[in-house]
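Reader: I am new to this structure and would like to learn how to read its features. May we go through them step by step?

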Amino acid sequence: MSWAQAILLARGLSRGWGGICSTALTGAPFSQVPPQAPRGLHCSAATHNPDSSLVPRPPEPPRRPVKALAVHEELFRPALDGARNKANFVRAVQNFAEYNVHKRGHVDFIYLALRKMREYGVERDLSVYNLLLDVFPKEVFRPRNIFHSIFLHYPRQQECGIAVLEQMENHGVMPNKETEFLLLQIFGRKSYPMLKLVRMKLWFTRFKNINPFPVPRDLPQDPVDLASLALRHMEPDLSARVTTYQMPLPKDSPDAMDPTETHIVGIQSPEQQSALARHDPARPIFVEGPFSLWLRDKCVYYHILRADLLPPEEREVEEIPEEWNLYYPMQLDLAYGRSSWDDYEFNIDEVEEGPVFAICVAGAHDQATLAKWIQGLQETNPALARIPVVFRLSGSSGELLASSDLEEPPPPPPEGQEEEDTQQRQQQGQS
Amino acid sequence: MALVHKLLNGTCILRKCPKPRVASCPFWGTRFADYCSSSFQKPVAAPGKASSQRKTKGSLEERHQREVALEITSPEDKPEISFDKAIKEEMKDHFRRLKDDIVKYWIGPEGRPLHEVLMEQAKVVWQFRSKEDLDKWTVTSDKAIGGRSEVFLKMGKNNQSALLYGTLSSEAPQDGESGRSGYCAMVSKIPRGPFEMKRSYDWSQFNTLYLRVRGDGRPWMVNIREDTDIIQRKDQMYSYFMFTRGGPYWQEVKIPFSKFFFSNQGRIRDAQYQLLLDKISSIGFTLADKVDGPFFLEIDFIGVFTDPAHTEEFAYENSPELNPRLFK
C-alpha cells in the first residue's frame, strides 16, 4: 500500500492504542470520542488537516453543529416509515454486515448500536443483544496457545463484549444459552466476557426474587389500572376494596380536558371503615398529600385520609374479658419468648401516628377533586357526613406535614384552604 | 476541630498519627507507630519541656500555651484568645471523656453491667429523636463526582423521625471518564472515643438488622463497613438491598446479617465471606436505582436483634467455576 495510506493506518492504530491504554487505566468503557493520540516521531509537526489529505475523499455530508456523526451512524438514520422500532434496528445491524464483508470497525459499530438501543426501545430485548453479539467475527479472538491466554488476547474486542453484557446487566436482561454459545464461539471459555456471563448467571439467579413487594415489569398504561395497582401495593390488608369514584373523560371528547374530571380511585379496608364509623365527630379528620409512590420508574401521587392521635387520657383502654374456659382460651399469645428472660422488644417508643382511614389516587391534586373523593366515600361511610374534613395539601414535595407543631410557617395555599374548610364544615354539618 | 489542627502541627504523644505512617509499619500496633514517628517531630523551639513525657493535665496545657505563643506570629488579638479557650475546652472535654471511659471500663462493656450486655437480645443502635442524632450521619451524593443529584437530611414530623429526601439525577458528569452516575447516600459516622480514637460496634450476639422506615417504593441498598484501620479495607463493604413498600404505613425491615454479600470497590467479588460482627464501623444507605426524580425515606430507628428462628450462617456459597483456588 502507498505511504499515504500507511501514515493514515499508523495514525488510526496509534489512536486505537491510546484508547486502550486510557481505558485500561481507568477501567471505564470506551469513550465516545477517541482522545488525541500523542503523535509519533515520524509524523510532521503540522496537524493532519482532512482537507489537505492526499487520498481523495467523497464530499462529506453537512455536519451537525453540536457533534460529529460517528462512524456508521448513517445506518441508523430513520427509515422510510420513520418509526424507531425493533425491525428497523435489526435491519440496521444486518446492513452493517452487508456493508462490509470483513466487518471492519465492528467494535465502534457495536458501541454505537448500544447507545442507540434506548432510542429504538429495544434495550430489554435479549434477541437483539444476541444479534449484536453475532456481529463479532467468530473463532478469530479465541486464544490458541499459552501466550494468547497469558496476555489479554484482543483486548478491545473483549472490552466491547463486556460492554454489551454490562448493558444487559443494567437493564436486567438475563442471558440465555444462545448468548453463552455465542460468547464461547467468539471469545473462548477463559475470556473475560465469558467470566462475566458466569457471574451474571450466578448473581441474577440469586437476586431474582428478593423483592418482598414485587412490581410487574410491564406497568399498565391506563391511569386507572396503574392507580389500582399502586393502591393494592400500598395497602397490606388483603380484604381492602378498590373503588373507582370517577373515570377520566375519553380523550376524543369535544371539550378540553377538564381538570376536575380526572380519575379518582380509592381504597379502604373493612377495619378502616369500622374505625371511621367509631370516630368521634368532634375531632376533625385530615386529607393529607400528595405523597409520591414509585413503581419501577413511574411515580404515582396519593392522598390519605387520617385522624390525629388521641391524647393518652382519651384513648379507650381495651378491656380483656376474663377467660371463662382455660381449655379453649379466647386469647392466645404465641410470642417468641420462651421464658421470662426472653425480651425481643426494643427499648424505644416507636413513632405513633394517627389511624389512616382511606387512601386515594387522583389525577389532579386540588381540593375539588379530593372533595369528590370524600363525597364518594360518604356512600360507604355515612358517619363521614358529620365529621369535619380539613384539607392539608402541601406543594409538590412529598414530605408529611407536621400535625401539631410546624417547623416552618405554613405556605399561603393551606391558609386559603382553611377558610374553605370552614365552609366545607358548614356544608358537611348541614348535609 | 481546632485541637486536631493544632496537634497535627505540634506534637502529642496521645494522638493517633495520620494514616501514611500507619501503613508504613503494618506489623506493629498503631500505638507503636504513634510513638516512633512522633518522636521525630518534636518542635525545636521547646526541646526541654517536650522531652519530658509527663502526662499531667497542667503541664500539657502549659506546653500548648507556649507552643501557641511561639507559633502564632500574626497579630490577631480577639480570635487568638478564643482560640486558646477553645483548645482548653476541648482538652478538658477529651480528658473528661477519657476518665468516663476508664470508669465505664470497670463497670462493664460500654458502661453497662456485663450481665445486661450478655442477656440483651434487642438493641437500638441509632435513633432519631433530636438534632444531635442527625449529627451522627453524613449525606453524600454524586455531586462529589460532578453529578446533579441532591440529597438533604432533616428531622421529620414532630421530631420523631429523620427524613432523607432529595432528587436523583442520572445524568452523567461530562468529565470524560464516567459513563453513569446518579447516587445518593447516607452514611453513619464512625464512633469515636476520647481523643478521636476510632471505636467500633460489637454486634456479635445479634444476628438481624432491624429498621423501621417509611419509604416511597424505591429500592435502597444497605452497606455495612467493618473496621477500617487496615488500608486495604478502605473500599470493602457488605451490602444488601432494602425494598421499601411506599404508602403511609411504617414498614419494618429485618435483614439477617447472613444475607450481606461482600463487595470491594463497588463490585461484587467472586470470593464471598461471611460478615463478621465484632468490629462494625459504620452503616450506610444508598439509592442508585437509575430512575430520575424526587425521593424520600423516613427512618424511625435502627436496631439489631437476635432472631431465634434464623439459623443460617451465610447465604452465598462460593462456586468452583468462579473460584477454583478455593476448592483445590
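Author: The discussion below takes up a helix pair and then the contact between two chains. Please keep in mind that this is a predicted model.

Reader: At what angle do helix H6 and helix H7 of chain A pack?

Author: Helix H6 (residues 155-170) and helix H7 (residues 177-187) of chain A pack at about 170°, and their axes are 12 Å apart. Angles over 145 degrees count as roughly antiparallel, and H6(A) and H7(A) are therefore roughly antiparallel to each other.

Reader: Which residues of H6(A) and H7(A) meet?

Author: From H6(A) come A:Gln157, A:Gln158, A:Gly161, A:Leu165 and A:Met168, which meet A:Thr179, A:Leu183 and A:Phe187 of H7(A). By class, this contact has four nonpolar, four polar and no charged residues.

Reader: What is the area buried between chain A and chain B?

Author: The size of an interface is often given as the accessible area lost when the parts come together. Between chain A and chain B about 4,900 Å² is buried, with 57% given by carbon and sulfur atoms. A:Trp294, A:Phe346 and A:Val351 supply 16% of the area that chain A buries against chain B, more than any other three residues. The contact takes 54 residues from chain A and 62 residues from chain B.

Reader: How many salt bridges lie across the interface of chain A and chain B?

Author: The rule finds four salt bridges there. One of them joins A:Glu353 to B:Arg214, whose closest N and O atoms are 2.8 Å apart. On the side of chain A that touches chain B, H8(A) gives the largest share, six residues. By class, that side of chain A has 26 nonpolar, 11 polar and 17 charged residues.

How values were computed
Residues numbered from 1 in each chain as written. Chains lettered and ligands numbered in written order. Predicted model: local features only at pLDDT ≥ 70, side-chain atom pairs only at ≥ 80, totals over all residues. Heavy atoms only, no water. Axes fitted to C-alpha atoms, helices over the stretch in contact; angles between N-to-C directions. Helix = DSSP H or I, 4+ residues; strand = E, 2+ residues; numbered from the N terminus. Parallel < 35°, antiparallel > 145°, perpendicular 65-115°, else oblique. Contact = heavy atoms within 4.5 Å. Nonpolar A, V, L, I, M, F, W, Y, C, P; charged D, E, K, R; others polar. Buried area = accessible area lost by both parts, 1.4 Å probe. Salt bridge = Lys/Arg side-chain N within 4 Å of Asp/Glu carboxyl O.
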